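Biologist: I am new to reading protein models. Could you walk me through one, feature by feature?

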Amino acid sequence: MKSQRRRGIYLLPNLFTTAALFAGFFAIIAAIKGQYETAAIAIFIAMVLDGLDGRVARMTNTQSEFGAEYDSLSDMVSFGVAPALVVYLWGLSTMGKLGWLAAFIYTAGAALRLARFNTQISSTDKRYFQGLPSPAAAAVVAGMVWVAVDYGVSAEGVPLELSSVAALVTALAGLLMVSNVRYHSFKELNLRDRIPFVAMILMVALIVLISVDPPQVLFGSFLLYAIWGPLFNLLELKKRRALRQERSLHEEPD
């Protein structure tokens, strides 16, 4: 007799996914209460937990289709709905239609980004993401709110200029998620491999910088990552054009 297939789900990776989902839900509740700094921190905590669940699943060989689908649903709440709601309640609600449209563009971009990722996961280059990853986009939006609140800009006193910038950043983050811009995934980084001593020093320096001023360092880091994607693609395009021109010159008859 054939052994019956065991039913159930793996506990450990799905615990991390559930914790990430809880952090995203908590961010929404905190934003509704007007606790925007707490909401932004909760989104960053969800990012850490989201990064752990996949690595734990791979290290313990507990990957499953259920886990992948559950992770996507958790990401939609934590990195699609929560950041859009946080930034809308903080600084976009006073802009009327433009405010909620910017927030919706972000949410729709996150949903489309996750759907595309799930359908292309087996055919894409593991070294790169196609489009800005939703956790990084959430870090840009939530980090922007966190920095503003850290500077004393409350929801009741957000100037129109700052609201316009927030709406632009939110909408651009949503569009970058559904773009064809390639971003480094850093999945080739193996935590079990040896690393140079200088790399360890840089990691310590980064931890120190984050501890000195978490909102500015985290927001600045993820903003640079979001900007570096289009710049990297432009540099790659220029290199390809230069190679084509060089080949065409060599192929021309004397």
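Modeller: Here is a short tour, from the whole chain down to single residues. This is a predicted model, so to speak of local features we ask for pLDDT of at least 70, and side-chain atom pairs count only at pLDDT 80 or more, while totals for chains, interfaces and linings use all residues. Residues are numbered from 1 along each chain as its sequence is written, and side-chain values use heavy atoms, with hydrogens and water left out.

Biologist: How many helices and strands are there in the chain?

Modeller: Helices (H or I, at least four residues) and strands (E, at least two) are DSSP runs, numbered from the N terminus. In this chain there are 8 helices and 2 strands. From the N terminus on, their order is α-α-α-α-β-α-α-β-α-α.

Biologist: What share of the residues counts as buried?

Modeller: Buried means under 20% relative accessible area, exposed means over 50%, and partly exposed is in between (1.4 Å probe, protein chains only). Here 38% of the 254 residues count as buried. Accessible areas come from the Shrake-Rupley method with a 1.4 Å probe, and for residues only the protein chains shown count as cover. The chain exposes about 16,000 Å², and carbon and sulfur atoms supply 66% of that area.

Biologist: And how do I read contacts?

Modeller: Contact means heavy atoms within 4.5 Å. Among the contacts in the chain with a separation of 6 or more, 84% are between residues 24 or more positions apart.

Biologist: What span does helix H1 reach, and what is expected?

Modeller: The expected span of a helix is 1.5 Å times one less than its number of residues. H1 (residues 11-32) has 22 residues and reaches 31 Å from its first C-alpha to its last, close to the expected 32 Å. Its buried residues include Pro13, Asn14, Thr17 and Ala20, and what covers the buried residues of H1 includes helix H2 (36-59) and helix H3 (65-92). Just after H1, glycine 34 takes a positive phi of about 85°.

Biologist: How many of the residues of H5 are buried?

Modeller: In H5, 15 of the 17 residues are buried, so this helix is largely enclosed by the rest of the structure. For H5 (residues 134-150) the end C-alpha atoms are 24 Å apart, which agrees with the span it should have. Serine 134 is in helix H5 and counts as buried at 4% relative accessibility. Not counting residues up to four places away in sequence, serine 134 touches Phe79, Tyr106, Leu114 and Met177. Just after H5, glycine 152 has a positive phi of about 90°.

Biologist: How is a pair of aromatic rings described?

Modeller: By the distance of the centres and the angle of the planes. Rings of Phe, Tyr and Trp (its six-membered ring) pair if their centres lie within 6.5 Å; planes under 30 degrees apart count as stacked, over 60 as edge-to-face and the rest as tilted. By this rule the count comes to 8 aromatic pairs. The rings of phenylalanine 117 and phenylalanine 129 have centres 6.5 Å apart and planes at 55°, so this pair is tilted. The pair links distant parts of the chain, 12 residues apart: phenylalanine 117 in helix H4 (residues 97-120) and phenylalanine 129 in strand S1 (residues 128-130). Phenylalanine 117 is partly exposed, at 27% relative accessible area, whereas phenylalanine 129 is buried, at 15%.

Biologist: Is phenylalanine 197 buried or exposed?

Modeller: Phenylalanine 197 is exposed, with a relative accessible area of 67%, and is found in helix H7 (residues 197-212).

Biologist: Last one: where does valine 217 lie?

Modeller: Valine 217 lies in helix H8 and is buried, with a relative accessible area of 19%. Leaving aside neighbours within four places in sequence, valine 217 is in contact with Leu209 and Ile210.
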